[in-house]
Amino acid sequence: MSKEVQVSAPRTRNRWGEGERLRGEILAAASRLLSELDGEDGLTIRGVARVAGIAPASIYQHFTDRAALVAGLTEHEFVRLRVAMEAAGDRVDSGDVVGRVRAMLHASCRFAMDNPGHYRLMTANGPPGTAPGVRPAGPLVDVIDLLVAGFARCAAAGVALRVSPERAAVIAFVGAHGRVALFQDSAKHNDADSVMSFVDEFVSLVFA
């Protein structure tokens with residue numbers, strides 16, 4: 001049985017210059033609502049407005065339609081993920097370059113396991129398609145770039161890699177993503193520690 005979504009009290013009209021704050025509150029409300037739904041199909045403008053304590057018309061001032069709201073929510077969640085990964089890496093001693101990479105991957109797994117609906121939304125379509133020879137861009141690529149930088153620090157510190165930092169980051173992310181998907185498909189979500197152990201073991205394979 002799902003818990004009741006916290007609904008904000010009706011708010012007064014924003015003063016001049018507060019529009020961006022309202023946009024953030026709308027996205028935070030959409031994130032709270034998504035956590036109580038089976039998937040983003042149940043995410044509606046009216047439902048988000050109810051949780052945010054505003055009129056649906058206020059949402060249309062920032063998002064032209066539901067698709068734009070979902071796109072904005074996806075970017076919002078990727079920002080949350082990046083912040084969590086960066087914070088996890090920063091908590092590890094700067095000299096422990098391998099430990100920082102592991103910490104960032106652990107943070108990404110914890111985010112995915114704690115926010116399954118959000119994570120499915122974020123990774124549903126993968127990185128955007130690009131022309132041959134053109135590097136992809138977007139919030140998912142930005143997350144992988146955190147790992148690229150982490151593996152590059154490993155190489156610079158003399159920790160040998162079997163592949164390039166770019167390739168190591170993709171391998172590590174895909175491996176962690178696949179393990180989390182198995183966790184989410186499991187009838188009993190009681191093996192979170194095994195997810196982290198797998199990620200550590202998997203990451204060790206990219207080092208020479």
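Predicted model: local features only at pLDDT ≥ 70, side-chain atom pairs only at ≥ 80, totals over all residues.
Residues are numbered from 1 along each chain as its sequence is written, and side-chain values use heavy atoms, with hydrogens and water left out. Local features need pLDDT of at least 70 and side-chain atom pairs pLDDT 80 or more, while totals for chains, interfaces and linings use all residues.

**View 1. Helix α5 packs against helix α8.** Here α5 (residues 97–114) and α8 (residues 165–185) have axes that come within 10 Å and cross at roughly 30°. That makes the pair roughly parallel (angles under 35 degrees). The crossing is right-handed (near helix turned clockwise from the far one by less than a right angle). On the α5 side, look for Leu 105, Cys 109, Ala 112 and Met 113; α8 brings Ala 172, Phe 173, Ala 176, Val 180, Phe 183 and Gln 184. Contact means heavy atoms within 4.5 Å. The tally is nine nonpolar, one polar and no charged.

**View 2. Helix α5 meets helix α6.** The axes of α5 and α6 (residues 116–123) come within 5 Å and cross at roughly 110°, so the two are roughly perpendicular (65 to 115 degrees). Phe 111, Ala 112, Met 113 and Asp 114 of α5 touch Pro 116, Tyr 119 and Met 122 of α6. That's six nonpolar, no polar and one charged.

**View 3. His 106 sits in helix α5.** His 106 is buried at 16% relative accessible area (buried means under 20%, with a 1.4 Å probe and protein chains only). Its side chain makes a 2.8 Å polar contact with that of Asp 200 (N or O atoms within 3.5 Å, one able to donate a hydrogen and the other to accept it). Leaving aside residues up to four places away in sequence, His 106 touches Met 196, Val 199 and Asp 200.

Terms used. Axes fitted to C-alpha atoms, helices over the stretch in contact; angles between N-to-C directions. Helix = DSSP H or I, 4+ residues; strand = E, 2+ residues; numbered from the N terminus. Parallel < 35°, antiparallel > 145°, perpendicular 65-115°, else oblique. Nonpolar A, V, L, I, M, F, W, Y, C, P; charged D, E, K, R; others polar. Buried < 20%, exposed > 50% of the residue type's maximum accessible area, 1.4 Å probe, protein only.
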